[in-house]
Amino acid sequence: MKKKLFITILTLTFAGILVFSGYQIYKIISEYESGERTYEDLEIYVSTPSNTSTPQNPSESEEKSENPWPEVDFEGLAAINQDIVGWIYSEGTPINYPIVQGTDNSYYLKHLYTGEYNGAGSIFLDSRNSSDFSDRHTIVYGHHMQNGSKFSSLTGYKQQEYYEAHPILYLMTPEKNYEIKVFAGYVASVKDDAWQLNFDTEESFQAWIGRAIEKSTFSSNITPAVTDRIITLSTCSYEFDNARYVLVGILNG
């Protein structure tokens, strides 16, 4: 009798665990899908080169093909959230998102660009950086989502071929457009200096750049000058606990 009771209790316990686990997985998947649908609503605020209206003549077509930057309605986006400070785009990849900036580096890990709570989070600018991307080193973060969205595609730069296919990303702000000319990318521990913002001397900054190039998973013929502004895009990687993949480029504009 006691043995049967024990087995019954054990069975019910395992069943409860399975039901709870299943619910949690369903909740996470539903939350992520809801987050992606929210980002789909942004289509009315941005026009990428691939979805601009059909030109009326060949010369107009040629002009549009030479313009890689999306056209972004920052006034419309500001009406949604004043924290939106830019837009990042990488042709031929899923990266086509607004960039937000909070008062800390935690809020937008689990909030959408609308401010709605969601584990998918946002692409966000380091809270320590200037919102106009004018710092010597600027950092932008994004989740590595299992469905390939957000900054998941950054880990493609672990392969030389991917870098050669995507050597430039584009950054739009309300004031100016920039090219991000990629020159290095590597797997970093959270204890590394990949997220260092302040440098005492130009020599220390140049040495920091040199270390990034030495650790890079691909080769580039771009050599940054110490006077260049640098931007780092950061996402999770899974080589070890708390691994990150950081993509480093010159902010040119």
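Student: Is glutamate 239 buried, partly exposed or exposed?

Tutor: Quick background: this is a predicted model, where local features need pLDDT of at least 70, side-chain atom pairs count only at pLDDT 80 or more, and totals for chains, interfaces and linings use all residues. Residues are numbered from 1 along each chain as its sequence is written, and side-chain values use heavy atoms, with hydrogens and water left out. Buried means under 20% relative accessible area, exposed over 50%, and partly exposed in between (1.4 Å probe, protein chains only). Glutamate 239 has a relative accessible area of 41%, so the label is partly exposed.

Student: Which residue forms a salt bridge with glutamate 239?

Tutor: Side chains of opposite charge can pair when their charged atoms come close. For a salt bridge, a side-chain nitrogen of Lys or Arg has to sit within 4 Å of a carboxyl oxygen of Asp or Glu. Here the closest N and O atoms are 2.5 Å apart, and the partner is lysine 158.

Student: How many residues apart are lysine 158 and glutamate 239?

Tutor: Helices (H or I, at least four residues) and strands (E, at least two) are DSSP runs, numbered from the N terminus. Lysine 158 is in the loop between β6 (137–141) and α4 (160–165), while glutamate 239 is in the loop between β9 (230–236) and β10 (243–252). The pair links distant parts of the chain, with a separation of 81 residues.

Student: Which serine side chain does lysine 158 join in a polar contact?

Tutor: Leaving aside neighbours within four places in sequence, lysine 158 is in contact (heavy atoms within 4.5 Å) with Val187, Thr217, Ser237, Glu239 and Tyr245. A polar contact is a pair of N or O atoms within 3.5 Å; within protein, one must be able to donate a hydrogen and the other to accept it, and residues adjacent in sequence count only if both atoms are side-chain atoms. At 2.8 Å, the side chain that lysine 158 joins this way is that of serine 237.

Student: Which helix holds arginine 211, the salt-bridge partner of aspartate 193?

Tutor: The two side chains meet at 2.8 Å, N to O. Aspartate 193 is in the loop between β8 (177–189) and α5 (202–215), 18 residues away from its partner. Arginine 211 itself is in helix α5.
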